[in-house]
Amino acid sequence: MALGSLAGAGTAAADGDDVHHQGGAVATLDGLKTYDSASILDDYDRVPISAGLFEMSVEGGGKLQSYCIDIHNPTQRKAKYLETPWGQTSLAENKDAGKILWILRNSYPQVSDVNALAQKAGASKLSEKTAAAGTQVAIWRFSDKAKVEANDPQAEKLADWLEAQAQNLQEPKTSLTLGPNSVSGKSGDKIGPVTVNTDANSVSVAADAAATAAGVKVTDKNGQPVTSAANGTELYFDVPAGAEDGQASLTAKASTQVPVGRAFASPSKSQTQILAGSTETSVAASASVNWAKKGAIPSVTAEKNCAKGGVDVKVSNAGDSPFEFELAGAKHTVAGGESTTVTVPVAEDAKYDINVTGPNGFSERFEGVLDCETQGTPAPGTPGGGGEAPSATPSPSVSGDTAETTTGETTGETTGGEDDLAATGGSSATPMIAGVAAALVIAGGAAVFFLRKKKTAGQ
């Protein structure tokens with residue numbers, strides 16, 4: 001009984017997905033595939049940790065390779081990841097974020113010839129594993145300001161060389177987003193624009209069934225129908241005059257290589273990743289429209305704001321009368337033709353569930369996790385007071401609404417299968433381990449007690 005209750009207290013459930021993804025690639029973490037060992041240095045010890053390349057499978061097709069930029073958080077197996085702007089991650093306030101991009105472009109796997117890479121770094125020899133480890137160590141020094149070293153001397157030489165050579169570069173373009181992703185207006189008008197932002201050569205554009213049923217067309221600013229678009233194209237919803245009040249959406253899709261350096265964040269509190277390589281990959285983005293003949297015609301968008309420690313909720317009103325809404329327990333009003341932005345404070349590492357409600361059943365919901373820092377609140381007794389220390393044991397896996405601890409050893413060998421994920425960050429399995437240990441102590445004490453009673457009875 002003690003074992004069950006204590007172990008259960010350490011089990012974490014997976015968090016829900018973001019309801020409104022701004023667009024780009026959506027992927028599932030497959031695991032740490034090419035890696036070697038490293039150590040985090042503190043005032044007390046050298047904490048062992050695995051360092052290297054992760055792989056992810058993209059919804060719709062494609063594979064991604066990535067490095068961790070969130071060393072103090074655990075990696076959750078099969079966690080979903082969303083392509084995310086730097087400003088909505090821990091890179092937002094990091095003046096060295098551009099140096100991480102330089103490392104990605106000038107090291108493994110973008111530089112696939114590890115012998116040439118070793119020569120540049122002054123190392124005698126590198127394998128794919130040690131090249132990946134050295135690259136990850138150099139990234140951690142900028143992403144987390146971590147005191148970390150590769151255990152392999154040649155990998156450490158690579159890390160030192162990358163750290164010394166790194167230069168600040170600009171954030172790469174998104175693979176695909178639509179902005180804004182929600183608009184509103186009166187029936188009989190062309191409502192928009194919705195601007196296409198993409199690194200792909202072209203994207204396909206299609207309206208949903210609701211738009212087709214209402215006679216709504218997707219056009220350019222001249223009213224010409226649009227089925228494909230490029231970066232910078234402005235899209236409009238052409239709503240027929242007299243159309244009944246309603247809403248619809250459009251979807252843009254493309255197949256492209258996601259730019260190296262794009263951040264990937266998880267709504268399940270799995271350590272943030274940064275892209276190191278991409279195959280041809282499916283990406284998508286959507287935008288919605290609300291229309292009416294008269295009255296208030298609202299549209300709502302939301303995005304994380306790491307600089308302010310919360311979520312910016314923007315409410316616009318394209319109608320001819322005020323729109324009254326409730327958000328975070330407070331009432332607000334937006335006049336016709338105007339918009340307002342309300343920043344809802346959210347604690348670091350906290351899950352948020354934000355609802356915007358208004359008259360006639362109007363409701364918009366936004367969910368996610370605010371993960372803007374590489375370290376949470378320092379835990380009492382933690383070495384150096386730097387938050388949860390990274391674990392040398394595998395991190396917990398998350399699938400659906402359950403979590404379990406995976407097995408395997410972080411020996412530097414590439415793992416095989418889904419049950420062998422090495423950890424590169426803090427492990428939330430610690431409470432479970434502590435619970436099991438406590439339960440075993442209780443069981444041991446009980447055994448000694450009963451043995452003593454038996455011995456006394458025998459005498």
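Trainee: What does the accessible surface of the protein chain come to, and how much of it belongs to carbon and sulfur atoms?
Mentor: The accessible surface is about 20400 Å², and carbon and sulfur atoms account for 50% of that. Keep in mind that this is a predicted model.

Trainee: Okay, predicted. What pLDDT does the chain average?
Mentor: The average is 82, and 77% of the residues score at least 70.

Trainee: Where does the pLDDT stay under 50?
Mentor: One such stretch is residues 1-19, which have 36 contacts beyond four places in sequence in the model. Residues 426-441 also have a pLDDT below 50, and that stretch has 34 contacts beyond near neighbours in sequence.

Trainee: Got it. How many helices and strands does the chain have?
Mentor: There are seven helices and 25 strands. The chain has 459 residues, and 48% of them are buried.

Trainee: And what share of the contacts is between residues 24 or more positions apart?
Mentor: That share is 71%, counting the contacts with a separation of 6 or more.

Trainee: Let's zoom in on a helix. Which residues of α3 are buried?
Mentor: Helix α3 covers residues 114-121, and its buried residues are V114, L117, A118 and A121. Looking down the axis of α3, you'd see these buried residues fall within an arc of 100°, so they line one face of the helix.

Trainee: What's on the face turned away from that buried side?
Mentor: That face of α3 carries N115, Q119 and K120, which are exposed.

Trainee: And what covers the buried residues of α3?
Mentor: The cover includes three other helices: α2 (97-106), α4 (128-143) and α5 (153-165).

Trainee: You mentioned α4. Is W140 in there buried or exposed?
Mentor: W140 is found in helix α4, and W140 is buried, with a relative accessible area of 0%. The C-alpha atom of W140 is 8.8 Å from that of I100, although the two residues are 40 apart along the chain.

Trainee: New topic: disulfides. How many does the structure hold?
Mentor: It holds one. The disulfide joins C306 to C372, with an S to S distance of 2.1 Å.

Trainee: Why is it called left-handed?
Mentor: The torsion about the S-S bond of C306 and C372 is about -75°, so the disulfide is left-handed.

Trainee: Where do the two cysteines lie?
Mentor: C306 lies in the loop between β17 (298-305) and β18, while C372 lies in the loop between β23 (363-369) and β24 (396-399), so the pair ties together parts that are 66 residues apart in sequence. C306 counts as buried at 11% relative accessibility, and C372 is buried with a relative accessible area of 11%.

Trainee: What about N317?
Mentor: N317 lies in strand β18, residues 310-317. N317 is buried, with a relative accessible area of 2%. A polar atom of the N317 side chain lies 3.0 Å from the backbone nitrogen of I297.

Trainee: What else does N317 touch?
Mentor: Leaving out residues up to four places away in sequence, N317 touches a list that includes A296, P298, P322, F323 and V334.

Trainee: And T272, where does that lie?
Mentor: T272 is in the loop between β14 (263-265) and β15 (273-278). T272 is buried, with a relative accessible area of 2%. Beyond four places in sequence, T272 is in contact with residues including Y67, C68, T89, F264 and D371. C68 is itself buried, with a relative accessible area of 0%.

Trainee: Which residues are joined by a cis peptide bond?
Mentor: Y108 and P109 are joined by one, with omega about 10°, and P109 lies in the loop between α2 and α3. Another joins G192 and P193, with omega about 0°, and P193 is found in strand β8, residues 190-198.

How values were computed
Residues are numbered from 1 along each chain as its sequence is written. This is a predicted model: local features need pLDDT of at least 70, side-chain atom pairs count only at pLDDT 80 or more; totals for chains, interfaces and linings use all residues. Side-chain values use heavy atoms; hydrogens and water are left out. pLDDT is the predictor's confidence in each residue, from 0 to 100. Contact means heavy atoms within 4.5 Å. Buried means under 20% relative accessible area, exposed over 50%, partly exposed in between (1.4 Å probe, protein chains only). Helices (H or I, at least four residues) and strands (E, at least two) are DSSP runs, numbered from the N terminus. The arc is that of the directions from the helix axis to the C-beta atoms. Accessible areas come from the Shrake-Rupley method with a 1.4 Å probe; for residues, only the protein chains shown count as cover. A polar contact is a pair of N or O atoms within 3.5 Å; within protein, one must be able to donate a hydrogen and the other to accept it, and residues adjacent in sequence count only if both atoms are side-chain atoms. A disulfide is a pair of cysteine sulfur atoms within 2.5 Å.
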